[in-house]
Amino acid sequence: MSKIMTVDVLSSIKGAQPSEAVNKLFDVIKNAHPTDNSLNNVNYNCVSVNNLREDVVVESSAMEKQIILENFPNKKNGYLVVAKVIED
Amino acid sequence: MESQIKKIHQQLVSKQITCTTLVQEKLDLLKQNKYNSVNSLLDTLALNLASKVDAKIANNEEIGLLEGIPFGIKDVYMLQGTYTTASSKLLKNYKSAYTASAIQKLLDAGAIPIVKENCDSFGHGSSSENTIFGAVKNAINPELVAGGSSGGSAVNVAKEYTVFSIGGDTGGSIRQPAGYNHIYGLKPTYGRISRYGLMAYASSTDCVGPLAKSVEDIRILLNVMSGKDPKDQTSITSTEISEKAILNNNIKTIGYFKNFIESEAIDPKIKADFLTSIEKIKATGIKVKALDFFKSDILVSTYYTLAMAETASNLSRLDGTNYGNRIEAENLIETYAVTRSENFSEETKRRIVGGNQVLSQGFSDEIYLKGLALRDQISENFKKDFEEVDIILSPVTPSTPPKIGESLKDPHAMYLSDAYTVGFSLGQLPTLTVPQGTATGLQITAAKNNDELVLKFANFLKETI
């Protein structure tokens, strides 16, 4: 696979191209001059490691399992069928 | 308007109406409606729950305030066993395996879900036209858009097909349709209501919120849905807001953003009406300050840069492997690509591609990281503003709702129409649309976690303008 990945590959959308309407938005950011980059509040919403919830396995209800199976796109002879995987 | 929840509660308790009749009436209205506000009706579930409420009342058992109250849910919330489509082709036949925390709290309080409501697909839009269920029509003038993305929810409340609805607001998706359809719509402080079970659009600004016809109903619903949830680590603890706490205004200073009002893009009538509202507020003795703020194009571009980056990441899970309308191709990678190309709308694809552009090597420093830095500055600006004023008042939109079809022709114009809502999303601030002051209402914003002040000022405005 090429080292340069185009947006259609990155997005898994066939033939996708950057749009003019969106590029106009990005041009505004490119030309903006943030006055102070030192605030560095980007992680403000992160949860502290000490505050993480317990890593426990919660058993799904029978109803939940049944709906998950119902939602599966492809089934054959009682098996769930995944897309064909071919290594590049 | 008085509290619809309290009014209906009283009618149920005094046996003026039965819950089954009430729910059936609303279901009939929804079924017959021509506004494209409905994705699916929850008739069997709703009538079953209604008969249980009637049985309790017949046995002279006490019922809670929300018990038996019919409500709508934007079709991006999980409700176990119901179709949850996000108004998209990809999830047209997807059923929720579990229930969102906010919706579960309403169910626990006895409220009855009756409809999954039309919206822009995955919340991507400001007009509720980007949907496979047909463009939602404005409740006041059906030739105009309902606004978005929670357009179906706003119309259902405005037409009284639902007593209240639960929308989602990432950059204005509750506040703008509330304004376009002349009702109340609240985006609470980010994290006050758990996002668990809300399909993620842009996780750092996604908010759950109510749309209703009175401030009191908004207060009741906010209290029921708020609270820290172990299933959403960004959720926060908050205190209940009492009815008494928001009755008497003690707000002394408010502000508004000069550049919002001096902008060339604002409709002259909206500008004049906004300034008239300001004068009426001043006349009560409240001090009004004109504040400096970021230019609208910076706000819109910062918001969309970050929202697109987050949605590109959040929607990467939608590949048709475990659920969704998978389209088989010659191998796995092709299957992903064809499934996503065929099933996502043009607007959703535009946002995913935009997000991957700004996150990719060579662009992230120039755009994405700069967007994050701008967001920090916007938040810092708000912090300083709220040292000077208690409330910031703004129009909801620069102009009145466009005709159906116009927004789809010019996506850039649609993005710019969010100029007055997106800044408060980036700041994660509580903001309420009230159906007063301008043709598309007014936004009341307070400092983070000060949702109570927003409701208090909304009560004050009812008597003032």
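This is a predicted model: local features need pLDDT of at least 70, side-chain atom pairs count only at pLDDT 80 or more; totals for chains, interfaces and linings use all residues.
Local features require pLDDT of at least 70 and side-chain atom pairs pLDDT 80 or more, while totals for chains, interfaces and linings use all residues. Residues are numbered from 1 along each chain as its sequence is written, and chains are lettered from A and ligands numbered from 1 in the order in which they are written.

Chain B contains 17 helices and 11 strands, helices (H or I, at least four residues) and strands (E, at least two) being DSSP runs numbered from the N terminus. Its C-alpha atoms occupy a box of roughly 70 × 65 × 45 Å along the principal axes. Of the 465 residues of chain B, 61% are buried (20 or more other C-beta atoms within 10 Å of the residue's own, with C-beta atoms placed from the backbone). Two residues are in contact if their C-beta atoms, placed from the backbone, lie within 7 Å. Among contacts in chain B between residues at least 6 apart in sequence, 74% link residues at least 24 apart.

Chain A has three helices and two strands, in the order α-α-α-β-β from the N terminus. Of its 88 residues, 14% count as buried.

The contact between the chains involves 42 residues of chain A and 58 residues of chain B. On the chain B side, at least two residues each come from helices H10 (296–314), H11 (332–343), H12 (346–359), H13 (364–388) and H15 (411–416). H13(B) contributes the most, with 11 residues. The side of chain B that touches chain A comprises 23 nonpolar, 23 polar and 12 charged residues; Ala, Val, Leu, Ile, Met, Phe, Trp, Tyr, Cys and Pro count as nonpolar, Asp, Glu, Lys and Arg as charged, and the others, Gly among them, as polar.

Helix H2 (residues 20–31) of chain A packs on H13(B) at about 75°, with the axes 9 Å apart. Axes are lines fitted to C-alpha atoms, for helices over the stretch in contact, and angles run from 0 to 180 degrees between N-to-C directions. H2(A) is thus roughly perpendicular to H13(B) (65 to 115 degrees). Phe26(A), Ile29(A) and Lys30(A) of H2(A) meet Glu366(B), Ile367(B), Lys370(B) and Gly371(B) of H13(B). These residues divide into three nonpolar, one polar and three charged.

Within chain B, the axes of H10(B) and H12(B) cross at roughly 100° and come within 7 Å; these helices are therefore also roughly perpendicular to each other. Their contact has six nonpolar, six polar and one charged residues. Buried residues of H11(B) include Tyr336(B) and Arg340(B).

Val396(B) lies in the loop between strand S9 (391–395) and helix H14 (406–409) of chain B. Val396(B) counts as buried, with 27 C-beta neighbours inside 10 Å. Leaving aside residues up to four places away in sequence, Val396(B) touches residues including Arg175(B), Gly179(B), Tyr420(B) and Leu442(B).

Definitions and conventions:
A residue is buried if 20 or more other C-beta atoms lie within 10 Å of its own, exposed if 12 or fewer, and partly exposed in between; C-beta atoms are placed from the backbone. Angles under 35 degrees count as roughly parallel, over 145 as roughly antiparallel, 65 to 115 as roughly perpendicular and the rest as oblique.
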